[in-house]
Amino acid sequence: MKTLENGSIHLELDEVMPVVVDALKRAGCNDENAQAVATCIYEAERHGAHSHGLFRMPGYLASLKSGKVNGEASPKILTPKPSVLSVDGDGGYAPLAHRKLAKPLAGMAKTQGVAIAALTNTFHFAALWQETEMLAQEGVVGLACTSFKPALPPAGGSKPLYGTNPIAFSWPREGKEPLSFDQASAVMARGEVMIAAREGHALEPGVGIDENGNATTDPNEVLKGAMLPYGGYKGASIAMMVELLAGSLIGEHLSFEAAAQDNNDGGPPRGGEFILALDPAGGLASAEGLFAKMLEQNGTRLPGDGRRAKRSKVIADGIQIPVDLYEKITF
Ligand code: NDP
């Protein structure tokens with residue numbers, strides 16, 4: 001760790017895990033939970049996904065300190081139906097549950113062709129590609145979605161109802177890292193709007209509206225008003241579907257219910273996650289043919305490769321965070 005001339009704190013990537021594990025343990029996590037969350041934050045930073053890395057630590061710590069999240073959670077896995085894993089997160093952060101469910105879920109999908117994990121009683125504050133890539137590393141196709149607190153209006157409306165409701169999808173590849181896309185139903189993740197507000201940057205037009213429903217590029221006004229779904233009513237339907245899959249279908253909160261129960265300590269609300277695993281059967285060779293055709297066109301790349309291309313720069317340059325964030329993490 002060193003302080004830069006601009007006042008920011010510089011960390012080497014290797015310093016992230018010990019700093020985060022130490023902070024999480026002092027805030028109430030046992031080692032197993034601390035390692036799982038810290039790995040998730042480390043992977044986000046390693047891939048340049050800073051809005052889901054150290055930036056989230058004050059929220060993680062606040063929810064442990066307020067007692068909302070169980071830092072000693074021990075997720076319980078049941079199989080109520082042959083193709084359903086029911087995972088009770090025991091009131092803890094989602095990463096430990098992901099590590100426990102990936103292998104059994106992939107095994108069910110390989111045996112039966114299809115399986116779902118219904119993860120309930122958990123707190124999700126991370127980027128979803130990590131859990132779908134765990135499934136792809138086990139040789140199955142993974143799709144995951146989760147809701148949050150209201151940020152997006154329904155089609156035609158102007159008041160937040162749906163979360164930013166991300167969907168991640170990973171496809172396994174022989175001898176290669178999976179193809180993955182992971183995208184919010186909003187034009188961008190809310191964390192990016194928060195970072196723009198923190199750093200005083202205007203947003204691109206079309207990201208959000210103010211409290212009166214008027215278009216604005218001011219991130220502070222968008223945080224008070226609403227973000228917009230990508231693709232207009234089409235993105236709103238995707239966000240609605242996520243509410244139904246990660247809420248109604250698995251018996252967990254919808255975003256507006258999660259917000260009503262949340263203590264607003266700065267961390268995530270209690271919620272659920274829908275995770276689908278599929279046996280790719282004989283489809284891997286066909287997929288490679290598609291990917292090759294995509295890459296024949298100038299200007300294309302595979303989703304997931306943009307994030308991976310950032311790894312060497314992060315390793316070389318390390319990570320810069322504001323001093324007040326560092327002080328919150330090392331309280
Ligand atoms: P982005 O818009 O940055 O990226 C969305 C996807 O598009 C990525 O998989 C990205 O791949 C891919 N992509 C971008 N450009 C191209 C391109 N030119 N060609 C091919 N693929 C491309 O993400 P969002 O802002 O929508 O979401 C950010 C993160 O926020 C996600 O990880 C999401 O899980 C997380 N999130 C979490 C929430 C929670 O409640 N836990 C809530 C909302 C969001 P690549 O990575 O390679 O660039």
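Reader: Before we start, what should I know about the model?

Author: It is predicted, so to speak, with rules attached: local features need pLDDT of at least 70, side-chain atom pairs count only at pLDDT 80 or more, and totals for chains, interfaces and linings use all residues. Residues are numbered from 1 along each chain as its sequence is written, and side-chain values use heavy atoms, with hydrogens and water left out.

Reader: Which residues come nearest to the ligand?

Author: A residue is near a molecule if one of its heavy atoms lies within 4 Å of it. Here 22 residues are around the ligand, and those that come nearest are His52, Ala126, Asp182, Ala184 and Gly304.

Reader: And by class, what does the shell around the ligand have?

Author: Ala, Val, Leu, Ile, Met, Phe, Trp, Tyr, Cys and Pro count as nonpolar, Asp, Glu, Lys and Arg as charged, and the others, Gly among them, as polar. The shell has 11 nonpolar, seven polar and four charged residues.

Reader: Which strand gives the largest share of that shell?

Author: Strands are DSSP runs of E with at least two residues, helices are runs of H or I with at least four, and both are numbered from the N terminus. The largest share, four residues, comes from β8. Both β8 (176–183) and α11 (305–309) supply at least two residues each.

Reader: Now the strands. How do they pair?

Author: Strands of a sheet pair through backbone hydrogen bonds, either parallel or antiparallel. Two strands count as paired if DSSP finds at least two bridges between them. Strand β5 (residues 114–123) runs antiparallel to β12, with eight bridges joining them, and Ala117 stands opposite Ile275 in β12. Strand β6 (residues 141–146) also pairs with β12 in the antiparallel sense, over six bridges; there Leu143 stands opposite Leu276.

Reader: How many residues of β12 are buried?

Author: Buried means under 20% relative accessible area, exposed over 50%, and partly exposed in between (1.4 Å probe, protein chains only). In β12 (residues 270–278), seven of the nine residues are buried.

Reader: Where is Ser185, and what does its side chain reach?

Author: Ser185 is in the loop between β8 and α6 (190–199). Ser185 is buried, with a relative accessible area of 1%. Its side chain reaches the backbone oxygen of Asn165 at 2.6 Å. Contact means heavy atoms within 4.5 Å; leaving aside neighbours within four places in sequence, Ser185 is in contact with residues including Leu152, Pro166 and Tyr230.

Reader: What is the order of the open sheet of three strands?

Author: The order is β1-β2-β13, with antiparallel pairing. The edge strands β1 (2–3) and β13 (319–321) each pair on one side only. Two bridges join β1 to β2 (residues 9–11), where Lys2 stands opposite His10.

Key
A polar contact is a pair of N or O atoms within 3.5 Å; within protein, one must be able to donate a hydrogen and the other to accept it, and residues adjacent in sequence count only if both atoms are side-chain atoms.
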